[in-house]
Amino acid sequence: MSYHKPEAKTVQTLKDLAQRLRIHSITSTQASKSGHPTSCASLAEILSVLFFQELRLNLKHPRDPSSDRLILSKGHAAPILYAAWAEAGLFPVEELKNLRKIDSDLEGHPTPRLNFIDVGTGSLGQGVAVGAGMAYVGKNFDKADYRTYVIVGDGESAEGSVWESLHFAGYYELDNLCVIFDVNRLGQSEPTSLQHKMDVYRDRLESFGFNALVVDGHDIDELCKAFHCASSTKKKPTAIICKTFKGKDFPRIEDKDNWHGKPLGDKADEVIKHLQGLIINQHAKLSPKKLGKTGAAPEVDISNVKLCEPPNYKLGDAVATRLAYGTALAKIAADNDRVIALDGDTKNSTYSDKLRAAFPERYIECFIAEQNLVGVAIGAACRRRTVAFVSTFATFFTRAFDQIRMGAISQTNVNFVGSHCGCSIGEDGPSQMGLEDIALFRTIPGSTIFYPSDAVSTERSVELAANTKGVCFIRTSRPNTCVIYNNDEKFVVGRGKVVRQKPSDELLLIGAGITLYECLTAAEQLEKECITARVIDPFTVKPLDVDLIVEHGKQCGGRVVVVEDHYQQGGLGEAVLSALAEHRSFVVKHLYVPTVPRSGPPAVLIDMFGISARNIVSAANAILKK
């Protein structure tokens with residue numbers, strides 16, 4: 001499709017709108033007495049062309065699945081993004097002066113509290129991953145015409161996560177993705193490392209498989225031509241590398257250091273007057289493009305996802321919960337064609353390869369780049385397009401904690417599955433052992449943490465997670481564990497199970513995963529000493545079944561031993577201690593991995609680090625003597 005240059009009148013209107021966006025950015029940050037007007041100013045022409053020349057939007061339904069996506073990765077420039085939506089007609093421009101107020105959703109950095117924002121941004125370096133996830137879904141699952149645009153600041157391009165995501169986009173030839181680099185030269189406290197070395201940006205992006213275009217980011221004609229080139233380029237994503245200036249058109253402020261994150265104060269009136277003088281038509285107006293009549297995204301239903309058939313095990317079967325996860329994943333994928341799996345080159349250990357074997361087109365290999373892995377999943381789940389399950393070793397999620405945290409701010413429903421938890425993985429050693437993962441996910445607002453102990457409960461965890469709002473984490477284990485539940489056992493989020501009890505029980509043992517079985521073994525050994533112990537499987541660590549623990553703890557004389565294959569801080573034990581803190585007459589003994597483990601046979605490690613049945617028996621005897 002050949003390029004047609006916009007008419008001179010249109011170009012001038014876009015210039016006028018850009019200046020108006022700059023003015024809005026000043027007035028809103030003046031009203032809030034905080035914000036980043038100079039970071040906004042470098043984006044004015046880019047957003048003017050995007051909103052009034054490129055983006056196909058549905059202003060009545062900003063999250064219409066068929067509309068184009070825009071992610072402002074440099075989230076601190078939120079005021080000018082809000083201004084563009086206001087100028088497009090989504091809400092009155094007068095509301096822009098409510099920026100950052102406690103009763104306004106026009107927050108300092110964008111969040112999905114606003115109906116035109118898909119994901120929270122501002123923790124830098126994450127927008128490209130989310131955009132890549134959206135673009136992957138658009139190209140491969142929705143097979144729709146919508147395009148995804150991501151605006152990246154030059155400062156944040158120092159983040160390694162950005163380059164993980166650029167590699168992903170280039171590898172998968174996401175030609176419906178356009179990444180816009182706002183190269184305004186100045187960071188927060190000093191110039192960026194590359195400043196205006198545009199050739200370096202271009203060479204790097206070309207080496208990552210991008211169609212890389214260097215333009216004057218303040219030239220309307222060049223921007224229009226670049227966006228046209230992006231939309232007509234096939235089998236390559238496009239990067240538009242815009243040479244811009246921080247504080248553009250702000251007299252005595254443009255391209256000057258030490259203005260980051262500061263409203264203009266007493267200089268605001270002078271700058272606004274200057275900008276108004278640059279506007280030819282004060283009443284200039286353009287409307288965004290409307291959605292086309294073809295190429296729409298299909299309607300999808302991701303509710304009520306079910307296992308296509310129930311668990312099929314025999315009591316006593318030895319099955320690793322990580323294997324049962326793969327089995328269940330393939331089952332729910334058979335039930336709903338929007339269930340997808342993403343992994344970081346561990347699929348033959350996490351068993352996400354079971355979905356890949358059954359439905360290869362719905363498996364996304366993200367390679368060893370966990371920050372991008374998480375971001376892509378968040379993007380893929382946006383606008384309820386998919387039910388995403390992300391798997392890797394539990395410990396590797398720690399390097400993507402910020403992405404997971406931002407996922408919660410973004411109101412994501414992504415499901416995370418961490419295998420190889422605890423010292424029970426054995427000989428691979430401490431670098432591979434997930435010992436902090438429960439703590440990580442417990443801190444996430446609104447999260448649900450499943451810790452299934454056998455294959456049946458694991459399959460039901462997967463089914464429940466697929467239908468649970470918010471971030472979900474399923475902790476799976478490497479060793480085989482015996483099936484203890486019947487195939488028709490019912491499981492509910494926040495409801496534990498009493499797996500062993502007698503009226504004479506003198507203490508309560510709580511374990512999950514492999515430590516549940518250590519608790520059961522310990523109970524058998526204690527019974528030989530004429531001590532009976534009750535055993536609870538919590539099933540979910542968050543929410544924890546507090547009522548069940550309190551009820552049965554009281555029946556056992558208030559004596560509780562909780563044991564976990566996790567470090568002391570933030571895990572199951574502290575969840576139990578927190579739950580019992582408001583209740584009198586409880587004594588809790590907490591067994592956990594006390595220090596950095598080492599390589600060795602699983603059974604030896606479990607005993608060496610204090611969480612074996614032998615250690616539980618010792619703790620039980622100690623607590624009974626108190």
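Biologist: Let's start with two helices. Which residues of α5 meet which residues of α6?

Modeller: On the α5 side they are V128, A129, A132 and Y136, and they meet V162, S165, L166 and F168 in α6. Contact here means heavy atoms within 4.5 Å. Helices (H or I, at least four residues) and strands (E, at least two) are DSSP runs, numbered from the N terminus.

Biologist: What classes of residue make up that contact?

Modeller: Seven are nonpolar, one is polar and none is charged. Ala, Val, Leu, Ile, Met, Phe, Trp, Tyr, Cys and Pro count as nonpolar, Asp, Glu, Lys and Arg as charged, and the others, Gly among them, as polar.

Biologist: Before we go on, what kind of model is this?

Modeller: It is a predicted model, where local features need pLDDT of at least 70 and side-chain atom pairs count only at pLDDT 80 or more, while totals for chains, interfaces and linings use all residues. Residues are numbered from 1 along each chain as its sequence is written, and side-chain values use heavy atoms, with hydrogens and water left out.

Biologist: Thanks! At what angle do the axes of α5 and α6 cross?

Modeller: The axes of α5 (residues 127–142) and α6 cross at roughly 20° and come within 8 Å. Axes are lines fitted to C-alpha atoms, for helices over the stretch in contact, and angles run from 0 to 180 degrees between N-to-C directions. The two helices are therefore roughly parallel to each other; angles under 35 degrees count as roughly parallel, over 145 as roughly antiparallel, 65 to 115 as roughly perpendicular and the rest as oblique.

Biologist: And how do α1 and α8 pack?

Modeller: Helix α1 (residues 8–32) and helix α8 (residues 220–232) pack at about 105°, with their axes 10 Å apart. That makes α1 roughly perpendicular to α8. V11, L14 and K15 of α1 and I220, D221 and C224 of α8 make the contact. By class, four of the residues are nonpolar, none is polar and two are charged.

Biologist: Switching to strands: in what order do the five strands of the open sheet come?

Modeller: The order is β1-β2-β3-β5-β4, and the pairing is parallel. Two strands pair if DSSP finds at least two bridges between them. At the edges are β1 (69–72) and β4 (211–216), each pairing on one side only. Neighbouring strands are turned by 20° against each other on average, direction ignored.

Biologist: Which helix packs on the sheet, touching β3, β4 and β5?

Modeller: That's α7 (residues 198–207), whose direction makes about 175° with that of β5. As for β4 and β5 (residues 238–243), they pair over six bridges, and A212 has A239 in β5 as its bridge partner.

Biologist: Now α14. Which of its residues are buried?

Modeller: In α14 (residues 401–409), Q403, I404, M406, G407 and A408 are buried. Buried means under 20% relative accessible area, exposed over 50%, partly exposed in between (1.4 Å probe, protein chains only). Their cover includes α6 (160–171), α13 (370–381), β10 (415–419) and α15 (437–442).

Biologist: Last one: is H36 buried or exposed?

Modeller: Its relative accessibility is 11%, so H36 counts as buried. H36 is in the loop between α1 and α2 (37–41). Not counting residues up to four places away in sequence, H36 touches T29, H76, R100, H260 and G261.
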